[in-house]
Amino acid sequence: MRQQLLAEVERLGGLITRDWARAVVAEHVVDDALRCGALVAHFPGVYCLPRLASDECARRQAAAVYAGGAVSHLDGLACWGLLPPPPHFVLPPDSPIHVTVPGGRGPVRCAGLVVHRRRDLSPATTRNRGGVPVVLVEDAVLESWPLLPPAERQTPRIVAVRERRTTPAKLHAALVRRGRLTGARELRELIDLVGAGCHSELELYGHARVLSDRRLPPARAQVPIRLGRHLVYLDRYFEAEMVDVEFDGAAYHGSAQQRERDVARDAALAARGILVVRLTHQRLHREPDAVIENLLAILAMRRRQLRAS
């Protein structure tokens, strides 16, 4: 009988509720499986196979099943693959799991859970991610904002838009739908900047500290240019001067292989008459005023060159 039970758990992906298990075998078979370690309790009445006892995905799925809701907040970000990467941020493996339940549900209390309530939680406002019911990506992005360290709050929003998981319009709509939210004003400003083409933390800083200087002419953000078979995007393009300003964060431009790709890309753009100016994290943060003066000089030089040609 135990083998029948375990076979059913395997068929279900490694997780089973007590009610379902009792529909398959007698209750004492379920209790025997728990006593001998053939099944492990994630939460009361929600069991898994021993190999999944430390699996975070299985733990989140069990939490959602137990609470009758969806994984949310930081755990929602994790399910969407949008948590800031280590070592910048690490979610402890034994931290309580955030779940959101419908507003009309009765009390849900259990060690290892942080339970939130939302009136509009429904199948239409959740998605299945690897077997785990999770809130929409927009909701996970917004509700996790106050739970992240200030230095890491921008990352999930930027990555979600950059990787086309969502759009600034959807984030704004979710913000309106959620009503009062801690840090809503700062969130709106960030969403607007991301929508304007700031697709990295360095671009946000560069926009605020350098490119917003009134002495500089307007530049277009994330301008698509086709180079042979490839479509590339220029971070900030001064069209009249044909100057492309690229923000080189260490995460994307630190390896030798990436530097080689950058050199090849710059050469291809030069063949199209576009001058590339690369700004590093170190230079932007250490000498932003000097960067502005340098850009003004480059743009003036390019205007003279283009007139002469």
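A search of the whole structure, which is a predicted model, finds 0 disulfides. Cys36 takes part in no disulfide, and the nearest cysteine sulfur, belonging to Cys48, is 13 Å away. The relative accessible area of Cys36 is 46%, so this residue is classed as partly exposed. For Cys79, the closest cysteine sulfur is that of Cys57, at 6.3 Å. A disulfide requires the two sulfur atoms to lie within 2.5 Å, and the separation between Cys79 and Cys57 is therefore too far for a bond. Cys79 counts as buried because its relative accessibility is 16%, under the 20% cut-off.

Helix 3 spans residues 27–35, and its buried residues are Val29, Val30 and Ala33. Viewed down the helix axis, these residues fall within an arc of 100°, so they line one face of helix 3. An α-helix has 3.6 residues a turn, so residues three or four places apart point the same way. The buried residues of helix 3 pack against helix 1 (2–11), helix 2 (18–24) and strand 3 (46–48). On the other side of helix 3, His28 and Arg35 are exposed. Gly37 follows helix 3 and has a positive phi, near 85°.

Helix 2, one of the packing partners of helix 3, contains Asp19. Asp19 has a relative accessibility of 61% and therefore counts as exposed. Between Asp19 and Pro93 there is a separation of 74 residues in sequence, and their C-alpha atoms are 28 Å apart in space.

Just after helix 8 comes Gly179, with a positive phi of about 70°.

Positive phi values also occur in residues other than glycine, including His73, for which phi is near 55°. His73 is found in helix 5 (residues 73–79). With a relative accessibility of 9%, His73 counts as buried. Met242 is likewise a residue other than glycine with a positive phi, near 55°. Met242 is placed in the loop between strand 10 (230–238) and strand 11 (243–248). The relative accessible area of Met242 is 24%, so Met242 is partly exposed.

The second largest pocket has a volume of about 180 Å³. Its lining is formed by Trp145, Pro150, Arg153, Gln154, Glu186, Glu189, Leu190, Leu193, Glu201, Leu204, Tyr205 and Ala208. Helix 9 (184–195) and helix 10 (201–211) are the elements that give two or more residues to this lining. By class, the lining of the second largest pocket has 7 nonpolar, 1 polar and 4 charged residues.

Methods:
Residues are numbered from 1 along each chain as its sequence is written. This is a predicted model: local features need pLDDT of at least 70, side-chain atom pairs count only at pLDDT 80 or more; totals for chains, interfaces and linings use all residues. Side-chain values use heavy atoms; hydrogens and water are left out. Buried means under 20% relative accessible area, exposed over 50%, partly exposed in between (1.4 Å probe, protein chains only). Helices (H or I, at least four residues) and strands (E, at least two) are DSSP runs, numbered from the N terminus. The arc is that of the directions from the helix axis to the C-beta atoms. Contact means heavy atoms within 4.5 Å. On a 1 Å grid over the protein atoms alone, a cavity is a set of points where a 1.4 Å probe fits but cannot get out, and a pocket is an open set with protein on both sides within 12 Å along at least five of seven lines; lining residues have an atom within 4 Å of a point. Grid points are joined across faces, edges and corners, and a volume is the space filled by probe spheres set on the points. Ala, Val, Leu, Ile, Met, Phe, Trp, Tyr, Cys and Pro count as nonpolar, Asp, Glu, Lys and Arg as charged, and the others, Gly among them, as polar.
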